[in-house]
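Here's a quick briefing to read with the model open beside you. Have a look around first, then come back for the details.

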Amino acid sequence: MSIMSNIYTLKSFKFPMYSSSYYLFHICFLFIISSTCLAQTNFHPKAFFLAVKQDPSTLQYITEIQQRTPLVPVKLAVHVGGENVWVDCETGFKSSTYKPAHCNSRQCNLARSTSCGDCKTKNKTRPGCNNNACYNIVSNPAMNNTFYSGAEIAEDVLTIQSVNGSNTGPESRGPVVTIPKFIFSCSPSFLTQKLGEDVKGMIGFGQQSPVSFVTQLASAFKFSRQFAICLSSSPQENGIIFIGHRPYLFAFGFDASQDLFYTPIIRASPEYYIQVSSIRVNAKTLQLNNTLLSLGGTRISTAVPYTELEPSIYRAVSKAFISEMPKNVKTVSPVAPFKTCFNSSFIGISPLGLGYNAPGIYFVLHNPNVFWTITGANSLLLVNQGVFCLAFVEGKKETGEAIVIGSYQMQNNLVEFDLARRRIGFTNSLFFRQTMCSDQFYTS
C-alpha cells in the first residue's frame, strides 16, 4: 500500500472499518441533510442516466460528468465497487464554487474521513490542498488493487441529465439537474496513472458508502438506491448507466426490467458479491471445489476487463469448453492474457443471433433454476486474424477470490444493482431480445 502523505500535516490516520451500524447511521444522516445540501431545486426526478463507452486502449469503461463553476466536462472511469467519486484536483482544476470540507464537519463524517490537518505546500491554498481540511482514502484499481492515496474531501457543483420515463425517442431525455454541493474527493494527479486518455478520476457506485454516486443522488431526490449498467461491446457506441427508478427502455419500447432475474448480494462490502454455486458448460455440470466457490463469493467488477477464474476453476472451464466445441475446431497457441485459443476457420455465427457459435457457459446462482447464461458473444474474443480465444483469464491463487466477473462478460447484458433490497438482477444477453446496450435513445 502507498499513502501520499508528504504534503500534509496529518493529525490522525486510520483505515475505515466496515460495520453495518456505521453505514446505517451515516446513510440515514445523509438522507436527513440531503434536501438542504444537495437538492436545491423544485424538480425531483426519479431517474437519471450517464452515457458510458469503452476506452479501447485500457478497456476501461468511461463516463463523463459536468462539474465546477463554470461547468466543465470531466471524464471518469466507472468503478462499480468504488466508495466515492474522486477527481484529479492537482492539474487544471478551477472552480469558484469549490469548498473543502473542514475537520470534523458532517461532510468529513459522511465521506469517512481518515485524517485531518493542514497542507504543507508553500504555495497558496488550492483545491486539494487547504488548511483545517479532512482527507479520506481513494484507490485506483488500474494501478494496483492495494494502491491507495489520501484525498481532500470537498463539495462542488455537479449536473446530470434526468430521464423522461414515458418516452423511448429523443424525448426520453429529461431536464438537466444541478446538484450544488456534491461531495467528492480531490486527489493528487499521480493517482490517474493507467487511466484512459484525458480521464481525470473514477466514479464509484459502492453499495456501503454514504457518498457513492448512486447514494448521493438517491438521497437528494428521495428515490430507492438502485442503478443498472448496460455496457456496449463497441468502443464507438455508448452504453448506459441508469440511476434510479425503472423502466429501462430500449428500441421499440422494450423495457429490459421485464427480463430481470435476481440473486442476493451476500456481503457487506463496498464491492458487490453474489453466490455462484456451480458452473455448467452446455448440459455438463463441472466438478469443482464447492468450498472454494462459496468462500467469499463471486465479485462483479467493471475494473476487470475479462472474468478471472481461480486456477483450478479455470482449468475445469477451459477443458469442458474445448471438449464441447465442434470437433473440427482446433486449439492453437495461446495469445496473452488468454490461455485457451482456437483456429477461427470453423467457428461460425450463432443462428440465434447470439454472437459466435460456442458452447454455453452457465453460472448457476443461489438457486439451481437461476443462472446467468454466457453465450458466444461474451465467451469468445477475436484476438487476431484467424484466432479466437476463450475470454476468461486465469486468476492468481493468492487473491482468495474464486471468480471475478469482468466487463466483457457484462457487455450487452443489463445488470441491475438494487441496494435497497440487497439483490442484483440480470437480463442475460439482450441479443435474445434482438437489441443491445447501444440501442437506446438516451445516449445517442
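This is a predicted model: local features need pLDDT of at least 70, side-chain atom pairs count only at pLDDT 80 or more; totals for chains, interfaces and linings use all residues.

Residues are numbered from 1 along each chain as its sequence is written, and side-chain values use heavy atoms, with hydrogens and water left out.

**Aromatic pairs**

- Searching the whole structure turns up 22 aromatic pairs (rings of Phe, Tyr and Trp, the last by its six-membered ring, with centres within 6.5 Å; planes under 30 degrees apart are stacked, over 60 edge-to-face, the rest tilted).
- Take Phe48 and Phe221: their ring centres are 5.2 Å apart and the planes meet at 55°, so this pair is tilted.
- Phe48 belongs to strand E2 (residues 47-54) and Phe221 to helix H3 (residues 213-221), so the pair ties together parts 173 residues apart in sequence. Helices (H or I, at least four residues) and strands (E, at least two) are DSSP runs, numbered from the N terminus.
- Phe48 also makes a tilted pair with Phe223, at 6.1 Å centre to centre and 45° between the planes.
- Phe223 sits in the loop between H3 and strand E12 (226-230), so its pairing with Phe48 in E2 bridges 175 residues of sequence.
- Phe48 and Phe221 are both buried, and Phe223 is buried as well (buried is under 20% relative accessible area, exposed over 50%, partly exposed in between, with a 1.4 Å probe and protein chains only).
- Elsewhere, ring pairs join Phe182, Phe205, Phe213, Phe227, Tyr272 and Phe417 into a cluster.

**Charges over rings**

- Arg267 lies over the face of Tyr273, 3.9 Å from the ring centre (the cut-offs: NZ of Lys or CZ of Arg within 6 Å of the ring centre and within 35 degrees of the ring normal).
- Arg280 puts its charged end over the ring of Tyr362, 5.0 Å from the centre.

**Helix H5**

- H5 (residues 311-324) has 14 residues and spans 20 Å from first C-alpha to last, close to the expected 20 Å (1.5 Å times one less than its number of residues).
- Its buried residues include Ile313, Tyr314, Val317 and Phe321.

- Most residues other than glycine have a negative phi, and most peptide bonds are trans.
- Thr69 and Pro70 are joined by a cis peptide bond, omega about -5°, and Pro70 falls in the loop between E3 and E4.
- Ala336 to Pro337 is also cis, with omega near 10°.
- Asn132 has a positive phi near 55° and is partly exposed at 34% relative accessible area.
- Arg422 has a positive phi of about 50° and is partly exposed at 33%.
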